[in-house]
Amino acid sequence: MTQKPFVVIAEDEKAYGKVYVNKLTSEGLEVVLISNGADVIPTLLKRKPNLLVLDLIMPGMDGFNVLKQLRQMPELQDLRVIVASNLSQDIDKAKVEEFNIYGYFVKSDLSIEEVTEKIVEAIPKA
Amino acid sequence: MAAAQASIIKPIKRLKRVIVGFLDNLSIRAKLFLYAGFLIALMVLLAGAVLYQVSEVSNRHIPARAAARDMEAALLTMQVQELSFINETDSLNSEFYLKQNSVSLNTWQENYRIFETNYRTLTKLFPQGEVKRELDVIEPFMARYRDTFLALTGAYRERGFQSFGREGVLRTRAESLETNLASSNASLVAFLRLQGAQERFLLYREAATISTFHDYAAQLRPLLVKAEDRNLFDEYVRLFDEVVAIYKRIGLNNVDGLRGQLSQLMKETTPHIQAAEATVLLRTSDSISSIARSILITTVLLAAVAILMAIVLSRLIIKRIDLLSEGSRRIAAGNFNYQLPVHATDELGQLTQSFNTMVEQLHHGRQTLRERAHALSDSVKRFELINHVVNEAIYEWDIKSGKLTWGEGIVSVFGYQPADKTTMIDWWTERIHPEDVDAIDSSLAERLHRHSNTWKKEYRFKKANGEYVYCQDRGIIEYHNGKPIRMIGSVIDVSHQKALDRAKDEFISIASHQLRTPLGSIRWNLELLLEKVKSLPPNLAEYAQDAYTSTLRMAGLVNDLLSVARIDQDRVKNIPENTDLVAIIKAAVGEMVPIAKVNRVRIDSTQLRNTRAEVLLDPKRFREVIQNLLSNAVKYTPPKGKVVVAIENHSKDYTISIADDGIGIPLEDQPKLFTKFYRATNVTTTDTEGSGLGLFVVRSYVEAWGGRVWFVSHPNQGTTFYVSIPHKPRVLKERT
């Protein structure tokens, strides 16, 4: 039996976090939820996930800085990242796009089914 | 005296006025013709007078001169012939002269006739006057001369010569006596002596000889014895006396008798004739010099008249030209009420009339101009006031010369000195933030190149205190013959507005995040709940479903609001890529079908089959456009209705039509349809949901691409929306 895909969710909003964990776990994924931006990179360094779902507005360290820093780390340079924010302004999107992200979606625009599909689809196939 | 003078002057003055008036009314050309005509008439008249005098000379003086000369010549000839005649009569061949027609006599008579003829000619040429008087003196002399001469010739004929006439008879008697007395010596001697005296007398015609003859005769008489001899002798003496008597008539010498008379007459006549001739000659030369004189006088007179008339004419004209120039001088000095007197209809009169009209128009024009200038200065004042009041710097840029003129705003808004109000374009360029200069240059160059009438740009502009502020510059560009000549516009300090915009952006950013976060959470949780809908009591499932629908609507509203905010700030991010319009429309239709089904509305997109419409634009924005129109169409179509989607390829664009058979748009709402937050009146009264932002978003995107959106609507029949997308849509520039 192959190992479960490992996904780190960086999301400070508890309501979202709960739904993520519920839904993705039921999809058979291993999920770690982090609600403080400052904790994201240490967690990633401890164990590199298959995918990072990153919110942008977070306490501790915002998503932009997290992205910026992790891209500077050799071990995390190739990490797949999906930005899941509620910021829909083009400028926000443009800011993160320069860090080689895999996808960007606005949470409130998508149903949880669509979000799950996107995440599952984004996990690299072994 | 004065009254009498006045009574003379008055009519003269009146006449002068009439003549001047008449001349003034004649056209200048007519005046000149009149002048020339008058001069020609005068010349003809004077030439006539001269010709008359010349003819006088040629018809009278020249013949008279000839006649007088001929007359004198004839007289001289007559005198010569007279002497010649007398000489001839005393010469040996006098017989021939006296018996036959004497040549001298004939010549004399011929000359007398010549004389007389010329005399008559002269008296005819000069029937009166000095010459006539001279001639009258001559006439009796001449008659007497002729008579005397004829008498003389008669006497000579009577006398005869040698062998004929009285003298011949005398000699014959003398010879008879000689013969008779030959017998007596004494008487013969005495007779011979007597005969000698007789011969001497005949030869010399000495008066003394006559008494000698008579003495000798008295001495001889007694010697004669015979009666016959005595009778013969007496007859001889008587004959001698007769011859003496004839000689005495002729004249013994040049001073007595007919010869004396003749020479006397000649002496008296000649001066008269000479005088007459002299007079005639004098007259002739007089008349020739008088011709010269009259030609001279004529010329002088003619010249004088011509000059006088020229002066009068020119004064008539110049006086009025002076009036005109005086008038123009006054008008030039600004006296527009000045009117030139018009009293004639000639060219000058017309000129004067036109001049007056011109002045009137000038006056009128000036008044209008003054009023306009007044109005203009009013508006300038107003403009200056506005300049003071508005919070912007108005400018005028003369593109050709580069001159830049600012309104008061450059002082009040940007803190510059009033002296900077008039400057050159470089002054402005130097005060633009270096980072903005290129963008301004290229946008301005592009507008000018495309002959656009407007230009608008935001840039950072340095205030007098060195601080850069955000400005918005809007200008209107004027062109002349395709070349930009002027730009008028205004520069507004928008830094405050910029700050507000930034605040708004942040607000929207935060708001969108803050609103979406709970919304997303609600949505996802409701979705999780609805997954378990079968395990819920039916009424609870319905509540959950309603909450979910409202949440979706709320999310849509938030998205619409964000779109509008982006459009308002010109912050639409546009990433053009090759896009198949048909594919996007099909996808949008596919998304809409479930909702349409709920509303029991059918979407017909069969026309889209097998077509493609590829253009370069941002597919996300286009999808938004179609989604909006489709959702409207579905929303406003009643159950069992139909929405028809189609696309047509035109020469320059694709036209997409979305037709519904819904409630239609009331006529009064149609103009406002594309404005923000507007919803048709008949929509708000129904329970159909809508933010009123969709069509605004649609129009904003489509027009940004250079396309057009419009509709045709009939209430209760339906509405068709059309969107035209150019084959080459305009590329939008992102603003940050």
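At what angle do helix α2 and helix α10 of chain B pack? This is a predicted model, in which local features need pLDDT of at least 70 and side-chain atom pairs count only at pLDDT 80 or more, while totals for chains, interfaces and linings use all residues. Residues are numbered from 1 along each chain as its sequence is written, chains are lettered from A in the order in which they are written, and side-chain values use heavy atoms, leaving out hydrogens and water.

Back to those helices (DSSP runs of H or I, at least four residues, numbered from the N terminus). In chain B, α2 covers residues 28-90 and α10 covers residues 257-332; the angle is about 170°, and their axes lie 10 Å apart. Axes here are lines fitted to C-alpha atoms over the stretch in contact, with angles running from 0 to 180 degrees between N-to-C directions. Since angles over 145 degrees count as roughly antiparallel, α2(B) and α10(B) are therefore roughly antiparallel to each other.

Now look at where the chains meet. Here 25 residues of chain A are in contact with 24 residues of chain B, contact being heavy atoms within 4.5 Å. About 2100 Å² is buried between them, that is, accessible area (1.4 Å probe) lost on putting the two together, summed over both. A:Q89, A:D90 and A:S108 supply 27% of the area that chain A buries against chain B.

The rule finds one salt bridge across this interface. A:K23 and B:E531 form a salt bridge through their side chains, at 2.7 Å from N to O; the cut-off is a side-chain nitrogen of Lys or Arg within 4 Å of a carboxyl oxygen of Asp or Glu.

Key. Helices (H or I, at least four residues) and strands (E, at least two) are DSSP runs, numbered from the N terminus. Angles under 35 degrees count as roughly parallel, over 145 as roughly antiparallel, 65 to 115 as roughly perpendicular and the rest as oblique.
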